[in-house]
Amino acid sequence: MKIITAVRGFKDILPGESEKWQYVEGKAREIFGNFGFREIVLPILEKTELFKRSIGETTDIVEKEMYTFTDRGDESLTMRPEATASVMRAYLEHSLYASESVVKLYTIGPMFRRERPQKGRFRQFNQLNAELLGSKDPRVDAEVILMLIHFLRGVGVSDAQLEINSLGCPACRPAFRDVIHAYLAGKSDGLCEDCQRRLSTNPLRVFDCKVEGCKEIVSTAPLLIEFLCGECRDHFGEVQAGLRQFDTPFTVNARMVRGLDYYTKTAFEVTTGALGAQNAIAGGGRYDRLVEDLGGPESPGIGFAVGLERLIAVAPIPDEGVVGKPDLFIAALGKEAQDFAFVLCNRLRMAGARIETDYAARSLKSQMKRSDKLGCRFTLILGERELQEKKALLRDMKGSAQQPIGLDDAETTILSILSKN
RNA sequence: GUGGGUGUAGCUCAAGUGGUUAGAGUGUCGGGUUGUGGCCCCGAAGGUUGAGGGUUCAAGUCCCUCCACUCACCCCA
């Protein structure tokens, strides 16, 4: 019979790898907590309409990458392709803006996009999202980016590149759109097929194209940064000034465009060279109009997402140190000894020690091998002979020294020895 | 969605131009004198060679189809 395998693009995170995830998540909780962020746990399914309205009808994500289905009845539901929309939905649904002027949230969980899998790209992938709502102060932009960089350094990623840009606001972007459209329209022959289409749907995307011809045309094109309104220009300047007050080197990439429509003003991306083509480990930006567009009060916000698979792939997390080793292996010989081991083993575990044993009635030799392989600090040898004498042999696996231990108070004796090692 | 690459034991890989019972390392299990780990030695289990079809006296090897994995385009975390 053919075995059933996981769905294409969906991965298992096995022991050995899962400890790394725990480590990274722990670091995130610690650091984000220091910055005043609190966790929000969100559903994975949302009404399709939420993503259409927030991400944008004409984005690739909404047009062709969503797992969407019709629930019993006629409601269209979608497995979330990103988290920000859900955070905004919850923010509105529970009127979180009412209790605090500034709300800081983070969430960790899986996202779903039906793309062709490749290195660093999966159909189910996990993101760590942080969102700050209720402030349009440029220092907040710098603070959020600083938190991200600090977190990445915290898990050992220090050679990543931070790029920032400003995408303007409803006051200046439409004007620039016209300028760039006029510029590109005159050179449309040199553009690739995709970009010709983008000309009418979203001309700014042409800046992001990797086709040589398009890159060339774009390289001499006017830049949005040059057309920012006064407010956006000042804001961008202050964000940069804020970042410079900390050790966070960045470059301004005027051609960076983000794939979601809701971004305004500040946009940023963190990339690394070690990931192949999918080199972005984190990205984010400001979205001052999103909450309003979803029918809520004026709530400017900024946030980012970290791709956990990608982060864990590049973070130098040592295997040892995240996986603990057992304190003691109990090698029991014979039925009676095994019964004794069964009780002692579980009592010790409940007392907080990390104990292994096995009930397969193997030879002492193979049990010693197992203890060694597991990296146990001690082995307790318990055979019929020991049982009769009411003692067991505690072997130190480092120096091979053995000492007898009375069975009557074995639990306390062992715990006291373990606590000293 | 479009290309390229790769599919042999749990894992990493061998098997000159088609030619006996498809091998090795590693891992697993057992053994190397009575009940003592590591190093070393011996043994065992473990394969429908991704699946199906074709060519041939003969296919892991050549051809076709499908599937999976993988890298890249695209897009993004």
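For the first exercise, Ala, Val, Leu, Ile, Met, Phe, Trp, Tyr, Cys and Pro count as nonpolar, Asp, Glu, Lys and Arg as charged, and the others, Gly among them, as polar. The model is predicted.

**Exercise 1.** Describe the protein surface near RNA strand B.

*Solution.* 
Step 1. There are 50 residues around RNA strand B, and those that come nearest are Arg-8, Arg-116, Arg-198, Gly-259 and Ser-400.
Step 2. Of the atoms of RNA strand B within 4 Å of the protein, sugar and phosphate make up 49%.
Step 3. Sorted by class, the residues of this surface comprise 23 charged, 14 nonpolar and 13 polar.
Step 4. Helix H14 (364–374) is among the elements that supply at least two residues; with seven residues, H14 gives the most.

**Exercise 2.** Identify which atoms of Lys-365, Arg-385 and Glu-386 lie close to a base of RNA strand B.

*Solution.* 
Step 1. In Lys-365, a side-chain N or O atom is 2.9 Å from a base nitrogen.
Step 2. In Glu-386, a side-chain N or O atom is 2.8 Å from a base nitrogen.
Step 3. In Arg-385, a backbone N or O atom is 3.0 Å from a base oxygen.

**Exercise 3.** Determine how the buried residues of helix H2 are arranged.

*Solution.* 
Step 1. Helix H2 covers residues 48–55, and its buried residues are Thr-48, Leu-50, Phe-51, Ser-54 and Ile-55.
Step 2. Viewed down the axis of H2, these residues fall within an arc of 160°, so they line one face of the helix.
Step 3. Among the elements covering them are H3, strand S3 (67–70) and helix H4 (84–93).
Step 4. Just after H2, Gly-56 adopts a positive phi of about 115°.

Key. Residues numbered from 1 in each chain as written. Chains lettered and ligands numbered in written order. Predicted model: local features only at pLDDT ≥ 70, side-chain atom pairs only at ≥ 80, totals over all residues. Heavy atoms only, no water. Near = heavy atom within 4 Å. Polar contact = N/O pair within 3.5 Å; in protein donor to acceptor, adjacent residues only side chain to side chain. Helix = DSSP H or I, 4+ residues; strand = E, 2+ residues; numbered from the N terminus. Buried < 20%, exposed > 50% of the residue type's maximum accessible area, 1.4 Å probe, protein only. Arc of directions from axis to C-beta. Contact = heavy atoms within 4.5 Å.
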